[in-house]
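Q: I have just opened this one and I'm new to it. Can you walk me through it?

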Amino acid sequence: MKIIAGLLCFFYFLLPGQIPEAAEIGPIKGLVQRLDLRKYKWEKVRRGDSILKDDRIRTGRNSRAELVFKNKIYLRASANSEINVRSLFGDTKEQDLDVNLIRGTLWTSALRKLKKKSRVKIRTPVAVMAVKGTQFNTVLQSVTEQLEVIVVEGRIEVLPPSKME
């Protein structure tokens, strides 16, 4: 009976659309770490490592990391940055990619057309940016809670955090 239950679970997770699309660590420079919530310990990541829902990633001094999503969305965290991947495409009804920028600088590229209900959201304590087909840079000074958003191409919507729930 345990074997049948195990096989059913195995096949359930192999069906398309059943598990969230994970991100993968792309090119990195310097010290890049992920918070292991089981041990509550920061561990070094390498290029090709999977990033899943609720992972926290941080970059050290003179470091940077790129997260590559299967749908051609790229996030690049600069030195001394920290992000939390709140949700991935496919793990919510809205099909959103939802990322908290806790501190530092995050460059976002979402040039590929997304599904109708899909959105990319970058959250900070002072604002939430919602995008569909654009490139922009977000710089959060966490001590002063100053936010700078530079749009390279396309448009973004910036709202207070309470308006984007």
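Q: Let's start with D98. Which residues does D98 touch, not counting residues up to four places away in sequence?
A: D98 touches N84, V85, R86, S87, K121 and R123, with those sequence neighbours left out. Contact means heavy atoms within 4.5 Å.

Q: Before we go on, what kind of model is this?
A: This is a predicted model: local features need pLDDT of at least 70, side-chain atom pairs count only at pLDDT 80 or more, and totals for chains, interfaces and linings use all residues. Residues are numbered from 1 along each chain as its sequence is written, and side-chain values use heavy atoms, with hydrogens and water left out.

Q: Back to D98. Where does D98 lie?
A: In strand β9, which covers residues 97-110. Helices (H or I, at least four residues) and strands (E, at least two) are DSSP runs, numbered from the N terminus.

Q: Is D98 buried or exposed?
A: D98 counts as buried because its relative accessible area is 6%. Buried means under 20% relative accessible area, exposed over 50%, and partly exposed in between (1.4 Å probe, protein chains only).

Q: Which side chain does D98 meet in a salt bridge?
A: The side chain of R123, at 2.8 Å from N to O. The pair links distant parts of the chain: R123 is in strand β10 (residues 120-123), D98 is in strand β9, and they are 25 residues apart. Both R123 and D98 are buried. A salt bridge is a side-chain nitrogen of Lys or Arg within 4 Å of a carboxyl oxygen of Asp or Glu.

Q: Which residues are linked with R34 and D49 in a network of salt bridges?
A: D55 is linked with R34 and D49 in that network. As for cover, D49 counts as partly exposed because its relative accessibility is 22%.

Q: What about D36? Which residue does D36 form a salt bridge with?
A: R38, with the closest N and O atoms 3.2 Å apart. D36 counts as buried, at 9% relative accessibility. R38 counts as exposed, at 74%.

Q: Now E43. Which residues does E43 touch, not counting residues up to four places away in sequence?
A: D36 is one of them, along with V32, Q33 and R34. E43 lies in strand β3. The C-alpha atoms of E43 and Q33 are separated by 5.2 Å, and the two residues are ten apart along the chain.

Q: Change of topic. How do β8 and β9 pair?
A: In the antiparallel sense, over five bridges. In β9, the bridge partner of N84 is N100. Two strands pair if DSSP finds at least two bridges between them.

Q: Which strand do three bridges join to β8?
A: Strand β5 (residues 56-59), and these two run antiparallel. In β8, E82 is the bridge partner of R58.

Q: How many of the residues in β8 are buried?
A: Five of the six, so to speak of cover, strand β8 (residues 82-87) is mostly covered.

Q: And Q135?
A: Q135 lies in strand β12 (residues 134-141). At 15% relative accessibility, Q135 counts as buried. The side chain of Q135 makes a polar contact with the side chain of S109, at 3.2 Å.

Q: Last one: how many helices and strands does the chain have?
A: One helix and 14 strands. Buried residues make up 39% of the 165 residues in the chain.

Definitions and conventions:
A polar contact is a pair of N or O atoms within 3.5 Å; within protein, one must be able to donate a hydrogen and the other to accept it, and residues adjacent in sequence count only if both atoms are side-chain atoms.
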